Amino acid sequence: MEKRVLQTELEHVRFTPEGRKALTEALMRGEPVRHSGSWVRRGIAAAVAAAVLVGSAVAAAGPLWSRYFGQLDREQQEIMETLSQTLPAAESNGTTMTPLAAFGDQDFYYLMLEIRAPEGTVLPDYREEEGCYQLFGDTLEESVTLTDAAGQDVLCTLDYSWINDDPGDNLLTAVIRLWSMEDTNLCDGTDKVLRIPGLWVQSPDKIYTPVLTGSWDFHIGTHSGGVESLTPDVAGVTVEDADCGTMTMEYLRLSPLGMRIRHSWSEPREGILPGAPLSVVMEDGSEVALENTVGSCGENWNEEYGPFETPIDLDKAVAVRWGTAEIPLG
């Protein structure tokens with residue numbers, strides 16, 4: 001695991017010294033493994049659909065989320081309509097940030113945010129060689145934060161994508177995805193304040209140029225969309241691994257947004273982290289895998305979680321497949 005990657009993650013969310021220490025310890029826990037390890041995103045990349053839709057705070061959530069997840073069929077759009085909530089807009093220094101739609105579960109929170117700069121400001125597209133937009137600068141004071149009602153840090157990391165329908169106007173849309181860390185529950189019904197300090201352009205050589213600065217607060221903790229999770233009985237679920245003997249599933253949780261799994265194995269071997277393919281079996285026979293995962297591990301255990309590429313309808317999920325094992329959901 002590369003410390004350089006870990007430092008990149010830490011730069012995305014500001015913490016107090018105590019919070020930063022706790023997050024660092026969580027990130028660094030674990031042994032060298034056969035594939036990427038502890039609490040580091042594995043290939044996070046969300047593709048924004050090319051469809052051009054007019055975004056507004058009153059637009060239907062289904063078509064809005066098609067811009068992020070890709071083209072959604074009617075049933076998928078209905079799921080997004082059910083999950084999505086709205087939050088109040090926030091204004092600072094002439095810029096209004098309006099949540100178009102939001103939803104989340106224990107592990108993930110999605111926020112689609114329209115950024116409307118003052119009239120006369122142009123928010124263009126940038127080619128890779130020119131730079132990219134960021135929601136943070138290069139100092140702690142210019143970092144995204146997530147805190148509880150008492151002002152204490154909430155452990156999480158984030159990734160986001162950009163939608164720019166007209167590079168010649170003053171509108172830009174960000175889709176922010178928060179990932180919980182350690183035992184954080186992003187949607188436990190308690191107040192959590194996501195604070196965004198502005199908009200910067202980061203050059204390829206890491207020079208940050210401010211575009212919009214201020215303070216925009218969003219109370220996301222009580223706006224989950226009512227996402228419900230399942231924790232099926234996994235007692236006795238095992239899979240054999242050629243290197244590490246018997247793998248035993250110890251915990252499984254799934255929601256419309258993703259899955260979390262913990263498993264152990266009987267014969268630890270240095271440098272090897274055994275695992276098995278994980279997917280949800282739908283009633284039509286199709287299978288849905290995770291887009292990517294993060295996790296932590298020890299000598300003979302691993303816990304990881306990740307989102308589906310597109311949220312699923314749990315009412316149509318019939319089983320979870322883990323290697324050669326199948327766990328029924330009905």
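A residue is called exposed when its relative accessible area is over 50%, and buried when that value is under 20%. Keep in mind that this is a predicted model.

Start by selecting Gly285. You'll find Gly285 in the loop between β13 (278-282) and β14 (287-289). Is Gly285 buried or exposed? Its relative accessible area is 53%, so Gly285 counts as exposed.

Next, jump to Asn93, in the loop between β1 (90-92) and β2 (95-104). Check the backbone here: Asn93 isn't a glycine, yet its phi is positive, about 55°. With a relative accessible area of 59%, Asn93 is exposed.

Then pick Lys206, which sits in the loop between β8 (192-202) and β9 (208-219). Lys206 also isn't a glycine, and its phi is positive, near 65°. Lys206 is exposed too, with a relative accessible area of 54%.

Last stop: the second largest pocket, which holds about 360 Å³ of space. Colour the lining by class and you'll get seven nonpolar, four polar and six charged residues.

Methods: Residues numbered from 1 in each chain as written. Predicted model: local features only at pLDDT ≥ 70, side-chain atom pairs only at ≥ 80, totals over all residues. Heavy atoms only, no water. 1 Å grid on protein atoms, 1.4 Å probe; cavity = no way out; pocket = protein on both sides within 12 Å on 5 of 7 lines; lining within 4 Å. Points joined across faces, edges and corners; volume = space filled by probe spheres on them. Nonpolar A, V, L, I, M, F, W, Y, C, P; charged D, E, K, R; others polar. Helix = DSSP H or I, 4+ residues; strand = E, 2+ residues; numbered from the N terminus. Buried < 20%, exposed > 50% of the residue type's maximum accessible area, 1.4 Å probe, protein only.
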